[in-house]
Structures are given as structure tokens and as C-alpha cells.
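This report looks at a pocket and at a pair of packed helices, with the terms explained along the way.

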Amino acid sequence: MNRILLPFITYIAFVAESTVMQVLAPEHYGWGFLLIPHFSLVLIILMSCYLKPSFGIVYGMIFGLLTDLIYTDLIGVYMFSTALVAYFISVLSRYLFSNFFVAILLSAAGVAGLEFMVYGLNSLIGIADTSIDSFFYDRLLPTLILNAVFTILVYYPFVKLLKKVKKTIHEN
């Protein structure tokens, strides 16, 4: 049951990225910044911290590919970047004591890494035409705050589920 629940919850978070932000979009309130939800990435980062690295990499590839197929015209940028972020976070989490604050920091580092990689790849191709200052203040900082709040909200119930999944994996 826990093995089915994990991809289902990640998929719900992926769907919530677009549906929730249609209601809470800053342009509805006249604000000039962007809030980019990466709820499924936050869950993938938590998986990378508390389960085997392969979980984060596989989920990162799958949900990165879904992001590429649904939201972008270029296939592979999010798939590659999300899987790479999941791998690096899993490596970093092996050297750091895993607790609530480290998970928030790793989540913010992962989201920032993904945003920088996507911005860099899109700038390299010529798709992104914003300056680094505008990217940093108008997109990255609000995005980090939004995803940190999401991490705080889902940390305890999702980590509890991850520990059950890890126990199930060791029993089988």
C-alpha cells in the first residue's frame, strides 16, 4: 500500500503545482514577482534524503519528464535537472544529519539548483532573456520562500510515510 501511496502523493503534488497557483498567482494581486511551485520536487528531495538515491533519481526523471511534456516546449531540461538535483541532494544528505532544519535547507538548495540549471540551460539556448538580477529577485527568492513553506507543511507527515516505506523495503 505504501509503495502505491508514494507515487500517488507525488502526482497529487505535481497536479497541485498548477492548480493551486492559478488561484494564488501573484499577478492576480498586482505583484510583479513570480511564484514557481516545485511541490513534487520537494517531495522528491525528501525521498532522496530518507530513501535510497535511486528513488529520488527515478522519481526525478519521471516527474521532470512530465514537467517537460506539460509545461515546456523543450523535452529533457527538467528531466535531466530534476534527476541531477535528486542525486546531489541524496549525496549531500548522507554527510549531513537528517532532521527538520537540514531537510528545509536541502529542499531550498535543491529548488535553487533546479532553478539555476533551468535558467542556465534556457539562457544557453536563447529561450530565457531575463537578466540574472531580475531572475534572482523576481523569480528565485519568492520561489524559494513558497517551496520552503510547502516543505514545512508536508515534512512531518511525508517523512513518516517515507519511514514506513523504508521499513517495508527492508522487510521484503
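Helices, labelled H, are DSSP runs (H or I, at least four residues), as strands are runs of E of at least two, and both are numbered from the N terminus. The model is predicted, with local features needing pLDDT of at least 70 and side-chain atom pairs counting only at pLDDT 80 or more, while totals for chains, interfaces and linings use all residues. Residues are numbered from 1 along each chain as its sequence is written, and side-chain values use heavy atoms, with hydrogens and water left out.

A pocket is an open set of points on a 1 Å grid over the protein atoms alone, where a 1.4 Å probe fits, with protein on both sides within 12 Å along at least five of seven lines, and its lining residues have an atom within 4 Å of a point. The lining of the largest pocket has 34 residues, of which Ile-36, His-38, Tyr-78, Glu-115 and Arg-139 lie nearest the centre. H5 supplies the largest share of this lining, five residues, and each helix in the table gives at least two.

| Helix | Residues |
|---|---|
| H1 | 2–24 |
| H2 | 39–50 |
| H3 | 53–71 |
| H4 | 77–95 |
| H5 | 100–125 |
| H6 | 132–171 |

Two of these helices, H3 and H4, pack with their axes 7 Å apart and at an angle of about 155 degrees, where axes are lines fitted to C-alpha atoms over the stretch in contact (heavy atoms within 4.5 Å) and angles run from 0 to 180 degrees between N-to-C directions. H3 is therefore roughly antiparallel to H4, a term for angles over 145 degrees.

How values were computed. Parallel < 35°, antiparallel > 145°, perpendicular 65-115°, else oblique.
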